[in-house]
Amino acid sequence: MATKAAASTLIRKGLPSLTSTPLNPYAPVAKWIIGTSGLVAGMVHIGGITRLTKSGLSMTDWKPLGSLPPISMEEWSEAFERYKQYPEWQQRKSMTVEEFKTIYYWEWGHRMLGRVVGVCFAAPWAYFALRKRIPAGYGNRMKLLFAMGGTQGLVGWWMVKSGLGDNRRDDRKEIRVSPYRLAAHLGMAFTTYSTLLWTGFGIMQIPNDVSNGVNGMVGSKSKIVELVQVMSKEGIKYAKKIRSGAIAVTGLTAITVASGAFVAGNDAGNAYNTYPKMNDQWIPREDMIDPDIKPVYRNAFENTAMVQWNHRVLGTSTAISALALTGLGLFHPAARTAITPQVSRGLKTLGGVAVGQMTLGIVTLLNYVPIGLAAAHQLGSLVVLSTGIYVVHSLRYVSPGVLRIVSNRVVTSAAAGGGGGAGASAFTIAGKAPSVARALK
């Protein structure tokens, strides 16, 4: 039985990320994955500016491998003439070639950055795979990430096509891409980003999650198992609650991001520019159901009033939930014996960035969605989501997979106690129990 002093020491140390190669031979792989997630974040940011500057429909074709932008004046004239053949030109006939160049460069830059991200993922992947540096069990994850990146390009073109069709020529409202396809495009980007981040965090922790045993199977020196073993039942129960809360807040953040895509797709931020009420009403019921939108549920995705109200409620709920989780995770008496420094830092950050994101959203609304604030608000959603993912990952020591492994260890140790001693117990577990790394990746 571990002493209280030993337990306190293990909790205070926690499970820090191992970023140096001597401590973690897979650290370069983790840095590459997390670096790629940063590139995806940059692409999301550029994509937001492309939408805010109304540049997304300037390129009317799609080439999988990309191309150089127009160089000569003749090439620019040809590109401009192609643009004039599509519906958006009917609403922007005063545009000059110089103005067209600006929106074209934003869209071209966004598309080419996507291809740069693809190369920055594929080339190191090939290098690490050839040198057998990809951690065991992560091969299929790399394939999935590569497929997600390729699919993102297809989804992007599918989205753009929704604003180029001849059926849009009679639109009285400003021509935009389908909000549903915009939400799918943004959702795919956020999903890819989140998967990259989770994968990078997992690889950073491999030495903590496995022992020196054969093939990284659970053994007597697995730090994550040692940490759970010194925790009390009350501490484990409390930490599980915090983990469930962190999953809920992160999930709520993702839903809020999706609702934000519909705000952007419907240009709903340029209406009801008051707070906390919407034009002197808490709930503008009369505006939230448009009889011309059928079936009625489509109002939740296409009606300006309802779309904005949903986003307000979700954003506020996310901020309040994050603050409540931070308070529960930091000030509860059980926190000292159940919360590691990594979780504590994550919770502090989560509460702060969630409130900051809500405040930024309000300021953006009150100022009629200026490009700088709106782009920062979208980037802020990535920060909140990233922090939530970090907190959930830092609490993996009370995830069902780890607790099941620890439970199996206790049962096996009890069964072996009469005839094998501690060495036989560790050998039995190393040979038969599932890998912690496999359970957590």
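In this predicted model, the axes of helix 3 (residues 73–84) and helix 4 (residues 97–130) come within 10 Å of each other and cross at roughly 80 degrees. Helix 3 is therefore roughly perpendicular to helix 4, a label for angles of 65 to 115 degrees. Helices here are DSSP runs (H or I, at least four residues), numbered from the N terminus, and axes are lines fitted to C-alpha atoms over the stretch in contact, with angles running from 0 to 180 degrees between N-to-C directions. Helix 3 contributes Met 73, Trp 76, Ala 79, Phe 80 and Tyr 83 to the contact, while helix 4 brings Val 97, Phe 100, Lys 101, Ile 103, Tyr 104 and Tyr 105; contact means heavy atoms within 4.5 Å.

The largest nonpolar core has 39 residues, of which Trp 32, Phe 121, Ile 134 and Met 142 touch the most other members. Such a core is a set of buried Ala, Val, Leu, Ile, Met, Phe, Trp, Tyr and Cys residues joined through side-chain atoms within 4.5 Å. Helix 6 (179–204) gives the most to this core, with 11 residues. Leaving aside residues up to four places away in sequence, Ile 134 touches Tyr 26, Val 29, Trp 32, Trp 125, Phe 128, Ala 129, Gly 139 and Met 142.

Gln 357 sits in helix 13 (residues 341–366). Gln 357 counts as buried because its relative accessibility is 12%, buried meaning under 20% relative accessible area (1.4 Å probe, protein chains only). Beyond residues up to four places away in sequence, Gln 357 touches His 377, Gly 380, Ser 381 and Val 384.

Residues are numbered from 1 along each chain as its sequence is written, and side-chain values use heavy atoms, without hydrogens or water. Local features need pLDDT of at least 70 and side-chain atom pairs count only at pLDDT 80 or more, whereas totals for chains, interfaces and linings use all residues.

Notes:
Helix = DSSP H or I, 4+ residues; strand = E, 2+ residues; numbered from the N terminus. Parallel < 35°, antiparallel > 145°, perpendicular 65-115°, else oblique. Buried < 20%, exposed > 50% of the residue type's maximum accessible area, 1.4 Å probe, protein only.
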